[in-house]
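Thanks for coming. I will take a few minutes to walk through one protein model, starting with the whole and then moving to some of its parts.

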Amino acid sequence: MNTESLFQPFKLKTLNMKNRLVMAPMTRAFSPNGIPTADVADYYRKRAAGDVGLILSEGTVIDRLSSANDPSIPHFYGEKALAGWDKVIKDVHTAGGHMGPQIWHMGIQADHKSGWVPSVEFEGPSGFVNPGQQKGKAMTESDIADAILSYGRAAADAKRLGYDTVEIHGAHGYLIDQFFWDQLNHRTDNYGGKTIAERSRFAVEVVKEVRRQVGNDFAVILRLSQWKPQDYNYKLATNPTEMDSWLNPIVDAGVDILHCSQRRFWEPEFEGSDLNFAGWAKKITGAATITVGSVGLNGVFTDAFAGESSQPSSLEELVRRLDRGDFDLVAVGRPLLADPNWVQKIRDHREDELKGFTAAALAELV
Ligand SMILES: Cc1cc2nc3c(=O)[nH]c(=O)nc-3n(C[C@H](O)[C@H](O)[C@H](O)COP(=O)(O)O)c2cc1C
């Protein structure tokens, strides 16, 4: 099949990509005490050498004491961790790649399976880990102000180290998404409210601070999802009007690219149209968008954590939507976790060499 449109260049501010393929952010937890090792740098370097257009790092946390629930998730703060990230971007650039860190605060989470917990309580909008289940603390206004500054500082550090972009993680039930979701955000101040627009104020302020700290020319990506780990069918916005009230203020605050997370990219967002989340987000805001979710694989990523394997699948439907102008970029997760050369194999039509994905790939950095 013709995959030429995946191999057209894309330029937006500091982003200068040779093709439309993005490595999706994937947590690997191979950074003891939050410090990315030389193996981590080598893992990303191989994807750059493998012609990935843009690499998004695994989620890397901002400097709040309870921003992670796992000691091997990398930090994006502190001299040693930033020195690790400095090596990563130097190696990626030397190999001809482009990269942005995904900056992250996990909000209130379950404790890590090892029993490790951060030195202070987990923090979130209202002290809930799941609907109806209290855990952690409700952030004060001063906690919120400090967290917003921390996102901005991480983005500024990304720019200072020479990264090409930064992605803010606003999806998948983590801190920013906990503010979006009425089941976890019961605040009665300006960070809560009945509508998705009201509960977006935290996200808007994070984006504004990131933009203030990186300036106008640096490309800023925001990742969002309608679904939650607790409910894959959940929709923060149940129709295009709600989506407009959710996304436009956030884009106006300074986002260049919306990264619209779905588990299956071909699933329509609303009845009456086959447009997916990235398609609607682009139509409603005019911003560039990234689609993601089971591109080139026949199984879904959340099943991978339960040990499921996936086999390669056709890119035809993806290319049809890209050609129609639904979205600008395409993120690919598991295929690139398992195989640094996936992009080259697609480009060169070496389909017989595609490996698919087995859960065993999660155990090592290849
Ligand atoms: C091992 C693993 C770790 C992940 N970690 C993150 C993460 O840190 N941040 C994030 O936004 N998404 C994360 N995801 C979701 C991926 O970015 C992506 O959206 C998902 O895997 C769907 O793409 P795929 O079907 O191509 O794998 C992770 C997925 C996997 C498989």
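First, the ground rules. This is a predicted model, in which local features need pLDDT of at least 70 and side-chain atom pairs count only at pLDDT 80 or more, while totals for chains, interfaces and linings use all residues. Residues are numbered from 1 along each chain as its sequence is written.

The protein has 12 helices and 14 strands. Those are DSSP runs numbered from the N terminus, with helices being H or I of at least four residues and strands being E of at least two. Along the principal axes, the C-alpha atoms fill a box of roughly 55 × 50 × 40 Å.

From the record, UniProt lists residues 5-353 as "domain: NADH:flavin oxidoreductase/NADH oxidase N-terminal", in an unreviewed entry. Positions follow the numbering used here, feature names are shortened, and annotations may be inferred rather than shown by experiment. Over residues 5-353 the chain is 34% helix and 17% strand, and the end C-alpha atoms lie 21 Å apart.

Now the inside. Of the 366 residues, 49% count as buried. Buried is 20 or more other C-beta atoms within 10 Å of a residue's own, exposed is 12 or fewer, and partly exposed is in between, with C-beta atoms placed from the backbone. The largest nonpolar core holds 91 residues, and Val22, Ile290 and Val330 touch the most other members. Such a core is a set of buried Ala, Val, Leu, Ile, Met, Phe, Trp, Tyr and Cys residues joined through C-beta atoms within 7 Å. A second, separate core of five residues includes Ile108, Phe122, Val129 and Leu184.

Contact here means C-beta atoms, placed from the backbone, within 7 Å. Among contacts between residues at least 6 apart in sequence, 74% join residues at least 24 apart.

Next, helix α8, residues 277-285. Eight of its nine residues are buried, so α8 is largely enclosed by the rest of the structure. What do those buried residues pack against? Their partners are α7 (240-252), β12 (257-261), β13 (288-292) and α10 (316-324). Just after α8, glycine 286 takes a positive phi of about 80°.

On to the ligand. The shell has 23 residues, the closest being Ala24, Thr27, Gly59, Phe301 and Gly333; near means a C-beta atom, placed from the backbone, within 6 Å. β4 and α9 (301-304) are the elements that give two or more residues to this shell.

Two residues other than glycine also have positive phi. Asparagine 33, near 55°, sits in the loop between β3 (21-23) and α1 (38-49). Aspartate 51, at about 70°, lies in the loop between α1 and β4 (54-61). Which is buried and which is exposed? Asparagine 33 is exposed, with 11 other C-beta atoms within 10 Å, whereas aspartate 51 is buried, with 21.

Last, alanine 361, in the segment after α12 (342-347). Alanine 361 is partly exposed, with 18 C-beta neighbours inside 10 Å. Beyond four places in sequence, its contacts are Leu337, Ala338 and Val366.

Methods: Contact = placed C-beta atoms within 7 Å.
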